[in-house]
Amino acid sequence: MSLEVSNLVGGYSQVPVLKDVSFDVKDGELVGLIGLNGAGKSTTINHIIGLLTPFKGSIKINGTTLNEDVKKYKEQIAYIPEQPIVYKELTLKEHLEMTMLAYNLDQDESWKRAHKLLKLFRLDNKLDWFPDNFSKGMRQKVMIVCAFLTNAKLFIIDEPFLGLDPLAVNDLLNLISERKKQGASILMSTHVLDTAQRYCDRFVLLHNGRVRTEGTIEELRKLFPEAGDSLNDIYLTLAREGDAS
Amino acid sequence: MKQLFRQRLTSHLKEMMRYLRLVFNDYFVLALLFVIGGLGYYYSHALKQLHTGIWWAPILIIGVLLVSVQLGRFATLIQAPDYVFLLPRESDIYNYLKSGYKYSLSIALAIQVLLWIILMPFIQVTMHVTATDLYVLLATVLLMKTVWLNADFARKYHLQNRWLSNRLIFRLVVPIITFALCVYVNYWLGLALAVIALIVSYFSRQKWAARSLDWTKMIADENSRMHTVYQFFNLFTDVPTLQGSVKRRRYVDGILNRIKLVPKNTYLYLYGHGIVRDNEMSGLYVRLLVIGTLFLVFIKGEMLPILLSLLFVYLIGFQMIPFYFHFSDNAFVHVYPITNQYQLMSFQKVLLYLLSTVGVVFAIAVVAVNYSNLVTVFGVIIGEAVEIWAFIYLYLPKRLARSERVR
């Protein structure tokens, strides 16, 4: 059991955005966090990476909560934010070094891996450039390279596909499945439902700060037989239903 | 992590030095020396008029000490991407922050000593104090500042006991009580309270230092601190990192809503709303307007008020010129189906509004002070009218054409 969110109530101020959210991500599993704008996907993620503290409930990574042991909890996470965020005064090379420092990675081995990743995302000739001047898609690639440089046990990926070219989307999905095979857990929030349907093992559908439903695509089809076959159809039906009730 | 802080501090200090060199140029240093000398002279003179037992003296002392304690903030030098890149090292950030704390503390304490030295003669003249009392007071102030910074340190964490970082308590309530105890009751008693506060704040640290960081607050705090610093430098020079902040200013809506929503007013709409709401532009305008008016209120003479008001009208107009290009980076204005001929006309119209207001305010100030001198009164009115017309319709188009070519 890698990530375990139980009965999470939380949000930014006193007003809870999340009302009793529970789900888990097991080892070697890719879970898709699906929901409309404002459903609470990013809030959930901000709670998991520790930007926010839960009002109630708990979040455990391999059995540890944040307040039991900050070090053990945080060392296991790699995070790719929705908006790529980079240091204005550091070059791409220095960003990678920063990541190696922060995750305490072996320099030689990491550089080998880094060069492979850079080549994959066609950034290998831009090591001395400043990512701050890159386009959104390219900065997103920098964030991906930095995250997959690590040996994190849990990857938290917030809406990774926007701004990425199709080739990069494909490469990212390959990277994810490679890590999955090695036993890492991945939580990914996204709006791109057909991609999610093809790659995610399970889905957590958030609506208005609650888990509307969760399960594999077969389970969802069984639960809502009249909604349609694709994740897209099922989700649209549920979202409209949720608004009506 | 300590290394990281040292790196950041070096580049931070380098940046600060660059700006300080621009601020403290030769003329400014000379002017500053005169001002400090003048103030010192005034202060020493004023001290001679004072004696012990003045009722407001202790209150003033407490007030000055209270202001003094607020000076010197916690410089974390944290940057926004840190929450992603340093995420796995969060437990180590404590050491990083401790370096920042030490650095901030040393600067803050130096400021306290400086203000204490300035305040010392005043206390000696107005209060019955021994030399020991004064040193005890200094110790109290230094401890209070340490407590202040400790609370700010605790603020960076997700605290279990929220009051440990309560700004009202540690910035105002505790210092006021402590200083009042010092001045009104006994200096040693104040020191004792300060020591207790310090012990509490140090012992609580062991508890919160193990908790998780409040990155959002930490980044926001550091940004607001740097914003204040940059704002200061921006008074003297251009700070590129200072992104223009925007204020709504609902009270000007009455004027702005009079712009008719027809295509040829597109730029008028943009410039009007932009100049009013852009803090940099409206700040500059209001500052120069106030300074100019103050000058004119205090200055009498025949030609001098005319020259001064003309100078300030020119200065204000000149500062507004770059705003013409404010929207050229915005893709929308290039996409809109409008011709550029209205851009200049709109900008001229906005400037006419702004400068006419300045002219009227200045004229009122000059007339109110020099109403008996007809030459000055008419000189200002006619001079300003001619200047504003010439500036907007003769000088501005040429100047903009030249800038356009450079761009």
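How many bridges join β1(A) to β4(A), and in which sense do they run? The views below take this up, starting with the sheet. The model is predicted.

**View 1. The open sheet of chain A.** Four strands make up an open sheet in chain A, in the order β2-β1-β4-β5. Their pairing is antiparallel. Two strands stand at the edges: β2(A), residues 18–25, and β5(A), residues 64–65. Each has a single partner strand, so one side of each is left without a neighbour in the sheet. Strands of a sheet pair through backbone hydrogen bonds, either parallel or antiparallel.

**View 2. β1 against β4 in chain A.** Here is the reply to the opening question: five bridges join β1(A) to β4(A), and the two run antiparallel. Two facing pairs can be picked out. Ser6(A) stands opposite Ser58(A) of β4(A). Val5(A) faces Ile59(A), also in β4(A).

**View 3. β1 against β2 in chain A.** Strand β1(A) covers residues 3–10. It pairs with β2(A) over five bridges, in the antiparallel sense. Leu8(A) has Val21(A) of β2(A) as its bridge partner. Gly10(A) stands opposite Leu18(A), again in β2(A). Helix α1(A), residues 41–48, packs on the sheet. The helix touches β1, β2 and β4 (56–61) of chain A. The direction of α1(A) makes about 115° with that of β1(A).

**View 4. The hairpin of β4 and β5 in chain A.** Two bridges pair β4(A) with β5(A), in the antiparallel sense. Lys60(A) has Thr65(A) of β5(A) as its bridge partner. The two strands form a hairpin with two residues between them. Asn62(A) sits in the turn, with a positive phi of about 45°.

View 5. Most residues other than glycine have a negative phi, and most peptide bonds are trans. Asn7(A) has a phi near 50°, a positive value in a residue other than glycine. Asn7(A) belongs to strand β1 of chain A. Is Asn7(A) buried or exposed? Asn7(A) has 12 other C-beta atoms within 10 Å, so it is exposed; the cut-off for that class is 12 or fewer. In chain B, Arg249(B) also shows a positive phi, near 50°. Arg249(B) lies in the loop between α9 and α10 (253–256) of chain B. With 13 C-beta neighbours inside 10 Å, Arg249(B) counts as partly exposed.

**View 6. The largest nonpolar core.** In soluble globular proteins, nonpolar side chains tend to be buried together. The largest nonpolar core of this model has 116 residues. Which of them touch the most other members? They are Tyr79(A), Val145(A), Ala147(A), Phe155(A), Ile156(A) and Val204(A). Helix α6 of chain B, residues 131–154, gives the most to this core, with 11 residues. A second, separate core has 29 residues. Among its members are Ile306(B), Ile316(B), Ala365(B) and Phe391(B).

**View 7. Val145(A) and Leu117(A) in contact.** Neighbours within four places in sequence are left aside for Val145(A). That leaves Val145(A) in contact with Ala114(A), Leu117(A), Leu118(A), Phe121(A) and Leu123(A). Leu117(A) is placed in helix α4(A), residues 107–120.

**View 8. Where chain B touches chain A.** The contact takes 18 residues from chain B and 20 residues from chain A. On the chain B side, α4 (82–85) and α9 (215–234) are the elements that give two or more residues. α4(B) supplies the largest share of this side, three residues. By type, the chain B side divides into 10 nonpolar, five polar and three charged residues.

**View 9. The two domains of chain B.** Domain 1 of chain B spans 2–232, and domain 2 spans 250–406. How many Å separate their centres? The centres, taken over C-alpha atoms, are separated by 41 Å.

Methods:
Residues numbered from 1 in each chain as written. Chains lettered and ligands numbered in written order. Predicted model: local features only at pLDDT ≥ 70, side-chain atom pairs only at ≥ 80, totals over all residues. Pairing = 2+ DSSP bridges. Contact = placed C-beta atoms within 7 Å. Axes fitted to C-alpha atoms, helices over the stretch in contact; angles between N-to-C directions. Core = buried A, V, L, I, M, F, W, Y, C linked by C-beta atoms within 7 Å. Buried ≥ 20, exposed ≤ 12 C-beta atoms within 10 Å, placed from the backbone. Domains from an automatic or database assignment. Nonpolar A, V, L, I, M, F, W, Y, C, P; charged D, E, K, R; others polar.
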